[in-house]
Amino acid sequence: LIRRGQAGRFAGRRWRELGDQIEDRGMKLGSIQNLRSFINQIYSQQVLGPGIECTLAFLMEVGYITSSDVWLYTTVLEQAIDTLLTRHREQA
């Protein structure tokens, strides 16, 4: 049918355009995924860890916890934040 209608060039051009669109979207998706993982890494290393440390330092300063409780409270805070973030991502 394509040979009879001399539509070979048209079909080839359309398939190339479609392939280019698929490749373009794949590259955009890859870029967004890389950016998201980079932001998650920065968040966990530069915001979450220091935030927990500052919170624990404050609690120690006001006398609410002792130095022997730091590991316990660190673990509890990390687990609570992970749970909240997981719920937030599931609802999004």
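Biologist: Which five residues make up the largest nonpolar core?

Modeller: In soluble globular proteins, nonpolar side chains tend to be buried together. Here the largest nonpolar core consists of Leu48, Ile52, Leu56, Leu59 and Ile65. A nonpolar core is a set of buried Ala, Val, Leu, Ile, Met, Phe, Trp, Tyr and Cys residues joined through side-chain atoms within 4.5 Å. Buried means under 20% relative accessible area, exposed over 50%, and partly exposed in between (1.4 Å probe, protein chains only). This is a predicted model, in which local features need pLDDT of at least 70, side-chain atom pairs count only at pLDDT 80 or more, and totals for chains, interfaces and linings use all residues. Residues are numbered from 1 along each chain as its sequence is written, and side-chain values use heavy atoms, with hydrogens and water left out.

Biologist: What is Ile65 in contact with, leaving aside its neighbours within four places in sequence?

Modeller: Ile65 touches Leu56, Leu59, Met60 and Tyr73 on that count, where contact means heavy atoms within 4.5 Å.

Biologist: How many aromatic pairs does a search of the whole structure find?

Modeller: A pair of aromatic rings is described by the distance of the centres and the angle of the planes. The search finds one aromatic pair. Tyr64 and Tyr73 form it edge-to-face, at 6.5 Å centre to centre and 75 degrees between the planes. Rings of Phe, Tyr and Trp (its six-membered ring) pair if their centres lie within 6.5 Å; planes under 30 degrees apart count as stacked, over 60 as edge-to-face and the rest as tilted.

Biologist: Is Tyr64 buried or exposed?

Modeller: Tyr64 is exposed, at 59% relative accessible area, while Tyr73 is partly exposed at 26%.

Biologist: How many salt bridges does the structure hold?

Modeller: Side chains of opposite charge can pair when their charged atoms come close. The structure has two salt bridges, each a side-chain nitrogen of Lys or Arg within 4 Å of a carboxyl oxygen of Asp or Glu. Arg14 and Glu17 form one, at 3.3 Å from N to O. Lys28 and Asp24 form another, at 3.4 Å from N to O.

Biologist: Why are Arg14 and Glu17 separated by about one helical turn?

Modeller: Because they are three residues apart in helix α1. Lys28 and Asp24 are four residues apart in helix α1, so about one helical turn separates them too. Helices (H or I, at least four residues) and strands (E, at least two) are DSSP runs, numbered from the N terminus. Arg14 is partly exposed at 47%, and Glu17 is partly exposed at 35%.
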